[in-house]
Amino acid sequence: MNPFASALLAWFDEHGRKDLPWQHPRDAYRVWLSEVMLQQTQVVTVIPYFLRFVATLPTLRDLASAEEDTVLALWSGLGYYRRARFLQRAAQICVDKHDGELPRDFAALAELPGIGRSTAGAILAQAYGLRFPILDGNVKRVLTRHLGIHGHPGQSPVEKVLWQHAEALTPAQRTADYTQAIMDLGATLCVRAKPRCDACPMASDCVAKRDDLTTQLPSAKPTKAVPTRDTVMLILRDAEGRVLLERRGPQGVWSGLWSLPEAGDHDQAWRAAQSMATIDDAQALPSFVHVFSHYRLKVEPLLFDEATARPRIADNSNLRWCAPDERAALGLPAPVRTLLQNL
DNA sequence: AATCCGGGGTT
DNA sequence: AACCCAGGATT
């Protein structure tokens with residue numbers, strides 16, 4: 001057996017979780033139910049749901065023949081309700097095609113609705129003791145740290161590498177214990193924040209521990225590159241210090257808020273400024289970036305001082321000259337308010 | 001490869 | 001508020 005599995009199993013014998021509800025009695029139905037409930041759901045949340053579920057529907061055949069409303073009621077509050085429908089559909093398939101039992105064959109298992117590669121492996125390992133790897137959030141965290149694997153575990157190439165390591169490290173002996181052990185380690189010691197490396201049996205071989213990367217691994221989900229847009233904001237200021245504000249349209253960001261007139265570039269900014277006021281010169285102020293959830297806005301403020309309002313550009317519902325003390329009562333985008341305050 | 005599903009806990 | 005959690009199905 002490889003040293004990793006050996007050390008992990010020795011730790012498990014001493015510190016592993018051995019009293020989870022689905023561990024006694026341990027049968028394929030209960031393991032399956034627990035695995036599905038535990039998809040993206042934490043253990044402490046699952047336990048009461050699991051106990052209620054197996055008390056009401058103790059066997060796979062009970063589940064297969066139950067009313068769908070009953071199953072959904074038992075699931076109510078857990079979330080991901082599609083899991084409950086898949087669960088019952090899979091149970092019915094097992095009754096129809098597999099003699100009322102979960103198949104011991106990986107392909108047949110993974111074909112059932114709601115059972116993917118990891119859940120199939122978990123069932124085969126936990127319920128039947130067969131040598132199949134799992135790769136859940138715990139295993140991903142443990143392996144990325146132990147092996148120093150960078151890149152977000154959700155990305156295909158990273159996940160592929162993780163599956164290869166998970167496969168290689170899973171021992172042929174005590175596979176059920178090993179599977180439980182690596183999840184226990186991830187859940188109790190190799191936790192996301194402040195892992196307890198001092199108590200970890202594999203700390204001496206851990207790349208993340210060695211290189212002080214436990215806070216870096218597993219790599220965070222890449223914040224998808226948000227596009228950056230450019231805009232020129234026109235600050236037309238008259239001799240009294242009033243600034244021309246424009247009400248934004250009903251669509252898009254800052255809809256309905258009072259903001260500065262904008263233009264695509266300095267040329268357009270000049271033309272726009274001249275259409276609204278008599279102006280002399282322009283002063284480019286330091287640009288800044290405002291971050292939205294879906295894009296970044298690079299703002300280039302252009303200050304036109306000593307502007308004189310053109311007679312035909314009078315205050316109206318969408319355009320107004322606004323003194324500094326009037327701005328407080330208006331809805332202004334935060335960066336615009338800041339920009340004007342710092343003039 | 002990206003998105004959706006979902007409530008709850010953590011930071 | 002953002003991120004993560006015993007992931008899988010869908011597009």
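User: What makes an atom of DNA strand C count in the share that belongs to sugar or phosphate?

Analyst: The atom must lie within 4 Å of the protein. Of such atoms of DNA strand C, 60% belong to sugar or phosphate, and the rest to bases. This is a predicted model, where local features need pLDDT of at least 70, side-chain atom pairs count only at pLDDT 80 or more, and totals for chains, interfaces and linings use all residues. Residues are numbered from 1 along each chain as its sequence is written, chains are lettered from A and ligands numbered from 1 in the order written, and side-chain values use heavy atoms, without hydrogens and water.

User: Why is the pair between arginine 141 and DNA strand C called a polar contact?

Analyst: A polar contact is a pair of N or O atoms within 3.5 Å; within protein, one must be able to donate a hydrogen and the other to accept it, and residues adjacent in sequence count only if both atoms are side-chain atoms. A polar side-chain atom of arginine 141 lies 2.7 Å from a phosphate oxygen of DNA strand C, so the pair qualifies. Glycine 116 uses a backbone N or O atom, at 3.1 Å from a phosphate oxygen.

User: Which contacts involve a base nitrogen of DNA strand B?

Analyst: Glutamine 40 has a backbone N or O atom 3.0 Å from a base nitrogen of DNA strand B. For threonine 41, a side-chain N or O atom is 3.1 Å from a base nitrogen. For leucine 78, a backbone N or O atom lies 3.4 Å from one.

User: How do you know how helix 2 and helix 8 are packed?

Analyst: Two packed helices are described by the angle between their axes and the distance between the axes. Helices (H or I, at least four residues) are DSSP runs, numbered from the N terminus. Axes are lines fitted to C-alpha atoms over the stretch in contact, and angles run from 0 to 180 degrees between N-to-C directions. Helix 2 (residues 28-37) and helix 8 pack at about 145°, with axes 9 Å apart.

User: Which residues of helix 2 make the contact?

Analyst: Contact means heavy atoms within 4.5 Å. Ala28, Val31, Trp32 and Glu35 of helix 2 make it.

Technical notes
Near = heavy atom within 4 Å. Helix = DSSP H or I, 4+ residues; strand = E, 2+ residues; numbered from the N terminus.
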